[in-house]
Structure formats: structure tokens, C-alpha cells
Amino acid sequence: QVQLVESGGGLVQAGGSLRLSCAASGRTFSTYAVGWFRQAPGKEREFVAVISWSGGSTYYADSVKGRFTISRDNAKNTVYLQMNSLKSEDTAVYYCAADRTGGVVGGQYKHNYDYWGQGTQVTVSS
């Protein structure tokens, strides 16, 4: 069992930055790929980014490429999402999820993840 807890959300002005954290428990966390998804009111949960178990591979949605950076520190059992140049369209609840396969292939699809966190709210003012 892997438990995930997101934190770092809040209110930020357009053009600003925010860093989200996904803290995990579980002995095998370092072998899991971890993805970030987001969901705005009235919309489907959408893929944001994914990182492989080692951190050696990443993949981003076109909407955030060049602005967001996903990283991980396996010694701390934590995955991060650095969000820069934030736009009002980035407003959503952000979720992290763990995939036991460990790779980024298929990481954009929700059904490939085994565990999900509770989400953290990100609000970008405009």
C-alpha cells in the first residue's frame, strides 16, 4: 500500500510560481512512476506530468510544457511539481498518483495508476 499526500497549493497571481509536493509512504515508493493530474470544476481530470521511478524520464502535457517541471527525491519519498508562469487556466485541484510499472509510457492515462492522493487546490488570480 502506498499513501500519497499533496501539499503546497494556494492562491497565486497570474505569472507567479508555486511548488507542489507529493509526500509518499511505502517501502516501494521509489520503484513507482508518479504523475500529476488536475481537475477544474465541471471538467474531467486531465494529465499534467509524469516522472519515472529513477527520475530519468519525464513527460508533460502540451499545455504545461516549458512552464512546469516535475522532479523527485527518492531519499525523501517526495515528488515535486514546480509551476512557473502560472495562468488562470491552471486553476484546479492537483492530484498526484503512483504507477507501479515505474515508467512514463502510458502515464497520461488515469487508469494506469494504482494510488491517488487527496488533492491540493491551486488558484491563479487574474
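## Basis of the model

The model is predicted, and local features need pLDDT of at least 70, side-chain atom pairs count only at pLDDT 80 or more, and totals for chains, interfaces and linings use all residues. Residues are numbered from 1 along each chain as its sequence is written, and side-chain values use heavy atoms, with hydrogens and water left out.

## The open sheet

Four strands make up an open sheet in the order β1-β3-β8-β7, with antiparallel pairing. The edge strands, each of which pairs on one side only, are β1 (3-7) and β7 (68-73). From one strand to the next the twist averages 15 degrees. Strands are DSSP runs (E, at least two residues), numbered from the N terminus, and two strands pair if DSSP finds at least two bridges between them. The angles run from 0 to 180 degrees between N-to-C directions, with axes fitted as lines to C-alpha atoms.

Ser7 stands opposite Ser21 in β3.

## Strand β7 and its hairpin

β7 pairs with β8 (residues 78-83) in the antiparallel sense, over six bridges. Arg72 is placed opposite Val79 in β8. Four residues lie between the two strands of this hairpin, and Asn77 takes a positive phi near 50 degrees.

In a regular strand the side chains alternate between the two faces of the sheet. Buried means under 20% relative accessible area, exposed means over 50%, and partly exposed lies in between (1.4 Å probe, protein chains only).

Arg45 is found in the loop between β4 (33-39) and β5 (46-51) and is partly exposed, with a relative accessible area of 23%. Its side chain makes a polar contact of 3.4 Å with that of Gln39; such a contact is a pair of N or O atoms within 3.5 Å, and within protein one must be able to donate a hydrogen and the other to accept it, while residues adjacent in sequence count only if both atoms are side-chain atoms. Leaving aside neighbours within four places in sequence, the residues in contact with Arg45 include Phe37, Tyr95 and Trp116, where contact means heavy atoms within 4.5 Å.

Asp99 belongs to strand β9 (residues 92-99). Asp99 is buried yet has no salt bridge, and the nearest side chain of opposite charge, Arg100, is 6.5 Å away. Lys and Arg count as positive and Asp and Glu as negative, while His and the chain ends are not counted.

## Salt bridges

A salt bridge is a side-chain nitrogen of Lys or Arg within 4 Å of a carboxyl oxygen of Asp or Glu. By this rule the count comes to four salt bridges. Arg38 forms one with Glu46, the closest N and O atoms being 2.7 Å apart. Arg38 counts as buried at 5% relative accessibility, whereas Glu46 counts as partly exposed at 35%.

Arg38 also meets Asp90 in a salt bridge (2.8 Å, N to O). Arg38 lies in strand β4 and Asp90 in the loop between β8 and β9, so the pair ties together parts that are 52 residues apart in sequence. Both Arg38 and Asp90 are buried. A network of salt bridges links Arg38, Glu46, Arg67 and Asp90. Asp114 forms a salt bridge with Arg100, with 3.3 Å between the closest N and O atoms.
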